[in-house]
Amino acid sequence: LTLTRADPAAWPPLAVIHINHQLNPRAQLWASHVEALCAAWSIPCTIKNVEVSDIALYGVEAAARLQRYDAFAETVGAHELLLQAHHRDDQIETLLLRLLRGSGLAGLRSIPVSRPLGQAWLLRPWLDRSRAEIIDYAQAQGLQWIEDDSNADARYDRNFLRQRVLPLLAERWPAYRDTLSRVVTQSGEAEALVQEIAAMDWQALDDGGEGLAIAGLQALSPLRQRQVLRFWLRRQQLPTPSRAQLESVVGILAAAVDAEPCVGWPGVEVRRFHSRLYAMAPLPPIATDFDLPWSPPLTTLHLPAGYGSLQAVAAVGAGLRTDRRYHVRNRRGGERCHPAAREHSQSLKKLLQEAGLAPWWRERVPLIYCDDELAAVGDLWICRGFAAAPQTPGWQPRWQRPPVA
């Protein structure tokens with residue numbers, strides 16, 4: 001899409017969104033300035049007030065950024081574009097900050113020109129323009145703007161770079177912006193190649209089941225193991241691990257087959273079970289005892305956090321009998337199940353182990369009761385006495401678990 005002054009009728013509808021972090025005493029004045037400009041130009045304007053939290057955890061700048069982009073994602077709709085005015089100087093500052101923090105190739109790509117934003121897209125069309133060029137244009141057009149006075153505060157890393165470090169670089173290396181812009185471009189190309197190889201490795205490992213087969217991972221070099229693991233986690237939109245966390249994940253590939261190790265960091269748990277590796281958001285603690293009425297197949301029964309949901313589909317000669325009333329409970333220990341197709345009952349613990357159900361799901365499998373008798377175990381077994389007879393209507397349970405990579 002190319003937008004030019006020559007054909008303004010081709011432009012999509014324009015609107016403005018301003019995020020008020022409420023951190024600066026003048027923040028409300030800035031919001032009023034934006035509203036006044038938009039009113040003068042007949043442009044719809046949305047002001048979003050956010051309260052910046054987790055400052056102790058992330059620092060002011062990072063915490064404000066997280067809140068800002070969450071607000072953008074909530075506001076900008078599907079098939080819309082959010083344009084931001086980041087420029088080449090922002091790009092260079094970001095590159096240097098990430099170098100000083102030890103970022104890898106993905107970080108050295110610095111600020112991307114475009115990326116998904118919720119259901120929309122974020123574009124930064126001025127990344128090849130300098131701050132000086134933009135200021136010259138604004139002055140030539142007689143535009144008015146407000147300078148954020150916090151930009152003068154050298155306690156913030158970016159301001160320290162901008163005020164003290166970059167002027168020294170410019171004295172010694174006047175063309176440093178062009179040089180470092182090439183680093184950004186080359187890092188982006190190198191990272192794209194790494195991702196291309198990781199995608200091919202992941203496709204070779206993907207056998208359609210949950211998780212990743214450990215044997216396939218172990219056949220890769222350590223370097224490719226790390227890259228495909230990063231790719232796998234990113235694909236599931238899970239937070240990226242640090243190098244130390246990633247090494248811990250690689251370490252559990254060699255765990256004993258009967259071990260059940262777990263490596264976690266904020267927002268992620270990576271577990272090994274038998275011959276596969278699984279990744280998921282941390283599961284909530286096991287719920288206190290619950291007992292919920294269930295009326296299949298008309299409704300989806302949403303279970304407590306971490307247990308998923310339960311549905312039923314109409315069937316003939318399969319599933320639960322339709323002439324009974326059911327309720328759903330959690331495991332409480334000591335249950336026995338007599339699967340309709342087996343001769344004898346067994347402890348539920350033994351049946352779940354035999355079925356190869358992962359330990360974290362064994363604890364959370366919903367149990368379907370009729371009065372005080374166990375009628376079904378999730379969608380795994382229908383108990384004897386509760387199975388629909390041949391050629392008669394039935395309700396086939398479907399247990400939808402929380403997503404696991």
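These are my notebook entries on a few spots I looked up in this predicted model.

**Entry 1: aromatic pairs**

I started with the rings and got seven aromatic pairs in the structure. Next I checked cover: Tyr-69 is buried at 8% relative accessibility, and Phe-72 is buried at 7%.

Then I went to Phe-273 and Trp-360, another edge-to-face pair, with 6.3 Å between centres and planes at 75°. Phe-273 belongs to strand E8 (residues 268-273) and Trp-360 to helix H13 (residues 359-362), so this pair ties together parts 87 residues apart in sequence. I noted that Phe-273 and Trp-360 are both buried. Which residues make up the aromatic cluster here? I found Phe-273, Tyr-278 and Trp-360 in one cluster.

I looked at strand E17 (residues 367-370) side chain by side chain. Leu-367 and Tyr-369 point one way, Ile-368 and Cys-370 point the other way, and all of them are buried.

On pairing, I found E17 antiparallel to strand E14 (residues 326-329), joined by three bridges. Arg-329 is the residue opposite Leu-367. E17 also pairs with strand E18 (residues 373-377), again antiparallel, over four bridges. There I saw Tyr-369 standing opposite Leu-374.

What do E17 and E18 form together? They make a hairpin with two residues between the strands. I flagged Asp-371 in that turn for its positive phi of about 55°.

**Entry 2: Asp-89**

Asp-89 lies in helix H4 (residues 88-100). Its relative accessible area is 8%, so Asp-89 goes down as buried, the cut-off being under 20%. I listed what Asp-89 touches, leaving out residues up to four places away in sequence: Ser-130, Arg-131 and Arg-177.

**Entry 3: a nonpolar patch**

Which residues make the nonpolar patch? I got Trp-41, Ile-135, Tyr-137, Leu-143 and Trp-145, for about 490 Å². I followed up on Trp-41, which is in helix H1 (residues 27-41). Trp-41 comes out at 49% relative accessibility, so I logged it as partly exposed, since exposed would need over 50%.

Methods: Residues are numbered from 1 along each chain as its sequence is written. This is a predicted model: local features need pLDDT of at least 70, side-chain atom pairs count only at pLDDT 80 or more; totals for chains, interfaces and linings use all residues. Side-chain values use heavy atoms; hydrogens and water are left out. Patches are made of residues with over 30% relative accessible area and no salt bridge: like charges are joined within 9 Å, nonpolar side chains (Val, Leu, Ile, Met, Phe, Trp, Tyr) within 5 Å. Accessible areas come from the Shrake-Rupley method with a 1.4 Å probe; for residues, only the protein chains shown count as cover. A salt bridge is a side-chain nitrogen of Lys or Arg within 4 Å of a carboxyl oxygen of Asp or Glu. Buried means under 20% relative accessible area, exposed over 50%, partly exposed in between (1.4 Å probe, protein chains only). Contact means heavy atoms within 4.5 Å. Two strands pair if DSSP finds at least two bridges between them. Rings of Phe, Tyr and Trp (its six-membered ring) pair if their centres lie within 6.5 Å; planes under 30 degrees apart count as stacked, over 60 as edge-to-face and the rest as tilted.
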